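I opened this notebook to record what I looked up, one topic at a time. The entries follow below.

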Amino acid sequence: MLPRIGSRCRVDRNRTPFYLSPCDPRDTGWPQTGRVTRPEPAALLDLATDLARRAGALALEMRAGVETLETKSSPTDVVTAADQAVERLLSEAIRQARPDDGLLGEEGASDEGTSGLRWVIDPIDGTVNYLYGIPHWAVSIGVEDADGTVAGVVLDPSKGELWQAVRGSGSTLNGRPLRCSSVTALDQALVATGFGYDARRRSAQASLLPTMLPAVRDIRRIGAGALDLCAVAAGRVDGYYEQGLSPWDLSAGRLIATEAGARVEGLHGRVAAHALVLAAAPGVFAALHDLLAAGGADQDPLAE
Ligand code: IPD
Ligand code: CA
Ligand code: CA
């Protein structure tokens with residue numbers, strides 16, 4: 001059973017051997033940790049889920065009156081007070097619960113860690129949707145080891161959708177197992193994509209569309225990469241591609257998609273990364289791959 005939001009004594013001793021007693025006088029409401037550096041993946045998932053729920057509640061609370069606080073890589077790459085507050089909440093809680101783990105957050109949180117585990121967080125994925133009141137944004141938390149993501153959670157608080165995965169154990173939406181689509185014809189495939197914040201990258205991404213659009217059922221730009229990966233997992237789209245993603249966009253969603261049977265890779269056998277992420281149902285992966293490769297979708301216009 002998942003911990004309830006706001007419950008202080010929520011330790012399941014059978015599943016979370018690394019937690020200290022919740023009745024420790026220093027208890028601040030967060031799970032505590034001992035020095036066990038390799039907890040069960042299911043325990044990591046429980047902790048990530050608890051954190052995502054708290055983070056999602058804070059982001060929802062801060063939605064009223066939201067405005068741009070500052071911009072980052074371009075005038076349209078915005079940061080709101082909620083992005084920063086949610087990342088602060090998550091990083092403080094992770095440092096308290098898992099002090100030996102590493103941490104990487106979009107808004108600057110960064111710790112090396114010594115345990116071999118690293119928490120990779122996007123406090124709000126889909127910030128532009130969040131800013132405009134479009135109810136399609138998410139908190140994304142992935143826990144990684146040397147082999148990739150062990151446990152991942154993406155929470156879409158506006159819709160009450162909780163996406164979860166544990167490596168090797170499948171992925172779920174609100175507890176129900178996920179399977180990506182079985183489509184095999186490219187012209188039947190609904191394909192999501194995303195555009196970066198840099199004008200040169202956007203221009204290159206736009207120049208791929210005349211190749212992609214006539215070949216597929218249609219294209220969607222929904223506005224939150226982590227949720228696009230989840231959409232592939234659920235068969236809500238048949239594929240998703242984007243250049244320029246960062247580790248926090250990918251960490252949890254990649255696991256959720258692969259555990260649902262999707263292929264998540266780069267081009268020419270490379271791993272999914274900044275150069276290109278292609279997530280697709282196995283039946284259309286090769287066709288999408290070849291179209292994207294022909295269009296040079298993994299060439300970085302900023303590197304020229
Ligand atoms: C962005 C969203 C968007 C994608 C961008 C990402 P942010 O993340 O995932 O859909 O197209 O590449 O940077 O800035 O909203 O966290
Ligand atoms: Ca993001
Ligand atoms: Ca973000």
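**Entry 1: the ligand shell**

How do the residues of the shell around ligand 1 divide into nonpolar, polar and charged? I looked this up in what is a predicted model. The shell has three nonpolar, seven polar and five charged residues. I then listed who is there: 15 residues surround ligand 1. The closest are D125, G126, T127, G194 and G225. Next I checked the domains. Domain 1 (41-169) and domain 2 (186-303) each supply at least three residues of the shell.

**Entry 2: α1 and α2**

I turned to helix α1 (residues 41-61) and helix α2 (residues 81-97). Their axes come within 10 Å and cross at roughly 155 degrees. An angle over 145 degrees counts as roughly antiparallel, so α1 is roughly antiparallel to α2. I noted the crossing as right-handed. On the α1 side I found L47, L51, R54, A55, L58 and A59. They meet A82, A85, V86, L89, L90, A93, I94 and A97 in α2. By class, this contact holds 13 nonpolar residues, no polar ones and one charged residue.

**Entry 3: α5 and α6**

I looked at a second pair, helix α5 (residues 225-234) and helix α6 (residues 247-259). Their axes come within 8 Å and cross at roughly 5 degrees. Therefore α5 and α6 are roughly parallel to each other. From α5, the contact uses G225, A226, L229, C230, V232 and A233. From α6, it uses D249, A252, G253, R254, I256 and A257. I counted classes here too: eight nonpolar, two polar and two charged residues.

Methods. Residues numbered from 1 in each chain as written. Chains lettered and ligands numbered in written order. Predicted model: local features only at pLDDT ≥ 70, side-chain atom pairs only at ≥ 80, totals over all residues. Near = placed C-beta within 6 Å. Nonpolar A, V, L, I, M, F, W, Y, C, P; charged D, E, K, R; others polar. Domains from an automatic or database assignment. Axes fitted to C-alpha atoms, helices over the stretch in contact; angles between N-to-C directions. Helix = DSSP H or I, 4+ residues; strand = E, 2+ residues; numbered from the N terminus. Parallel < 35°, antiparallel > 145°, perpendicular 65-115°, else oblique. Left-handed = near helix turned anticlockwise from the far one by under 90°. Contact = placed C-beta atoms within 7 Å.
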